[in-house]
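Colleague: Could you take a close look at one part of this model for me, the place where the two chains meet, and go through it step by step?

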Amino acid sequence: MPPHRRLLHRRPSLRRPSLRRSSLRRLPRVSGRGRASRMDMRDLWAESLAGVLARPVRSALTTLGTVLGITTLVITMGIAATAGNQIVGRFDELTATTISVDVPANRDPLVTWEAAAELTRLRGVTSAAALAQTAKSAALTVRANNLVDPTAVSEQSMNVLAATPELPTAAKGRMIQGRFFDAGHDRRGDRVAVLGEQAAKLLKITALENAPAVFIKGRAYTVIGILGDLRREEVLGASVIVPRSVGADFDVHHVSRVLINTTLGAADMIAKQVPTALSPNRAAELHIAAPPSPKRAREGVESDVNGLFLILGLVSLVVGAVGIANVTLVTVMERIAEIGLRRSLGAARRHIAAQFLLESTLIGLTGGVIGTSVGVVAVVAVSAARQWTPVLDVQLALAAPVVGAVVGLLAGLYPALRAARMEPVDALR
Amino acid sequence: MRDIRDMRDTNEVIRLENVSRVFATDPPVYALAKVSLVIRHGDYVAIVGPSGSGKSTLLNTLGLLDRPTSGSYLLDGIETTALKDKERTWLRGSRIGFVYQSFHLLAQRTVVENVMLAEVYGGRDRRHRRNRAIEALERVGMGHRVKFLPNRLSGGERQRVAIARAMMGTPSLLLCDEPTGNLDTRNTDAVLDLFDTLRDQGMTLVVITHEDQVSERAQRRVSISDGILTEEH
């Protein structure tokens with residue numbers, strides 16, 4: 001110990017002259033001008049936290065409003081993103097496996113019927129069908145009978161097209177009644193027709209037991225089936241489909257469109273190979289419609305779903321804010337004496353305001369943290385129950401507690417102002 | 001800058017000169033009428049008077065909780081009437097210790113936390129605050145109740161805690177508003193004994209009361225009636 005320290009050690013009165021007296025000594029005279037009370041940030045935190053914890057049940061109940069609001073917000077946004085992802089996932093499955101090829105009209109056939117049939121030999125192609133139509137065949141007069149009845153509309157203008165027997169599979173449709181034509185019909189040139197679902201309704205053909213016929217250009221074609229539930233090429237629903245050999249009756253000879261389905265993930269590769277396979281010499285003239293980018297579709301669905309749910313969440317959040325404002329106001333009224341005491345201990349108005357603001361912000365923040373946790377757990381639970389992949393924006397999970405705190409801050413503004421405006425004389429009365 | 005009047009009597013804690021407080025009601029109420037009063041360091045003054053006499057207004061004026069309509073009030077030589085609100089707040093926090101009839105202890109905070117509260121707004125170093133609070137509690141004989149909650153204490157004990165809190169900021173003045181109003185005779189005696197001890201240690205005390213038992217213990221008695229002050233001898 002250095003000598004001067006030792007001296008102090010031996011004579012404590014020098015170091016701290018009479019403890020009792022020192023705390024009673026009068027402060028040196030100074031002017032009061034420009035002096036103001038100060039509050040350490042740590043004290044502000046400690047006082048606010050103590051204020052919140054002093055009434056634990058009430059604070060918990062107040063928090064509940066924000067918890068509900070934030071939970072709703074996180075759940076709705078999380079479920080929306082998850083469900084949106086799921087919906088888009090289904091879209092992807094459909095759109096990512098379909099390719100269509102448009103063949104420009106030409107005097108010589110660009111694509112032969114045989115080439116389309118042989119596409120299935122490409123690895124990754126699950127089904128393929130060729131269609132043929134012309135501008136004329138797209139609007140032919142079709143009648144359900146051969147009678148002229150001036151009182152009823154008995155003729156319809158319809159799309160008539162020729163197709164290969166694989167069409168129902170390639171168009172992802174289903175035979176609602178009867179059957180589709182096969183290679184035999186085609187080879188023999190049987191005058192048979194398959195109607196799309198809407199076409200059958202328009203022609204009032206509902207049952208096939210009596211082998212109804214449709215009349216095109218005055219010739220009868222036996223209806224052997226009705227095709228419906230199309231998941232691509234919905235236009236076929238309003239069409240009359242005939243074998244390619246019958247197509248010659250309407251000057252339809254050449255393939256105008258090819259529908260191809262691939263296995264998942266093969267579409268891009270097949271889209272590159274198809275032109276060469278269909279028309280080795282004039283591949284560049286074909287128009288390939290490859291799957292659309294799935295990303296844009298996903299964003300579209302998400303914004304639709306989110307917009308609606310977001311309003312729901314915000315409404316519950318406002319309800320939560322009103323709850324905090326209400327309870328904080330009641331708390332301020334109950335703590336009038338405490339406010340007066342603090343003012344008499346030297347608290348400035350801003351110290352009172354800051355404490356109440358921080359208290360309501362802490363309640364909001366707590367509600368935000370709990371709400372976010374509950375929301376995330378709920379999203380994961382719902383996803384698990386439905387065997388979905390939970391999708392939740394990390395930014396949302398981080399922002400939600402902040403939103404809670406901001407809600408608490410805003411809700412506390414008015415009560416805090418009321419508390420700060422209180423005159424100490426009135427508060428102590 | 002020091003005011004030249006500071007130099008007149010360095011022993012003066014309070015100097016009221018022709019202080020009036022008029023409440024602008026209809027008709028106007030003259031709560032204080034040209035009151036003059038000097039209280040020196042170490043004085044123990046009792047202010048007595050019936051209710052409605054202007055006692056509370058005088059206390060609020062002395063405690064810088066209310067501003068006089070006219071006249072001047074020097075606290076520790078500082079002219080307070082011209083100060084801004086926040087300057088008065090600082091002065092109140094640093095120079096005056098309040099003791100109330102209803103104690104005003106925070107029910108959810110322990111005894112020592114209640115006492116520590118007195119230093120929260122003073123800007124004083126947080127270190128050793130707890131020790132200073134315990135020291136203040138020991139001085140009022142409450143060192144053994146440091147971690148108690150106020151509702152487990154008797155009225156007299158609560159008031160002693162409140163006095164410890166008022167002493168915490170080393171004030172120039174202890175301003176007591178009916179400090180024994182809620183206490184029984186035995187506890188009143190204990191608190192009054194404590195006031196005597198504090199006075200002996202050099203503290204300046206102003207006690208507002210309507211109880212003779214209290215005012216008799218004071219060294220000076222000032223009575224107030226209809227806003228007019230009379231010194232009794």
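Modeller: In this predicted model, the area buried between chain B and chain A (accessible area, taken with a 1.4 Å probe, that the two parts lose on being put together, summed over both) is about 4400 Å², and carbon and sulfur atoms give 53% of that area. On the side of chain B, W90(B), Y121(B) and R126(B) lose the most area to chain A, together 19% of what that side buries. With contact taken as heavy atoms within 4.5 Å, 49 residues from chain B and 41 residues from chain A take part.

As the model is predicted, local features need pLDDT of at least 70 and side-chain atom pairs count only at pLDDT 80 or more, while totals for chains, interfaces and linings use all residues. Residues are numbered from 1 along each chain as its sequence is written, chains are lettered from A and ligands numbered from 1 in the order in which they are written, and side-chain values use heavy atoms, with hydrogens and water left out.

Between chain B and chain A the count is 4 salt bridges (a side-chain nitrogen of Lys or Arg within 4 Å of a carboxyl oxygen of Asp or Glu). One salt bridge links R109(B) with E47(A), whose closest N and O atoms are 3.1 Å apart.

As for secondary structure, with helices (H or I, at least four residues) and strands (E, at least two) taken as DSSP runs numbered from the N terminus, β1 (12-23), α2 (85-95), α4 (129-139) and α5 (155-168) of chain B each supply at least two residues of the side that touches chain A. Helix α2(B) gives the most to that side, with 9 residues.

Within chain B, β1 also belongs to an open sheet of 4 strands in the order β2-β1-β4-β5, with antiparallel pairing, two strands being paired if DSSP finds at least two bridges between them. β2 (29-40) and β5 (78-79) of chain B stand at the edges, each with a single partner strand, so one side of each is left without a neighbour in the sheet. β1(B) is joined to the antiparallel strand β4 (residues 70-75) of chain B by 5 bridges, and R15(B) has L74(B) as its bridge partner in β4(B).
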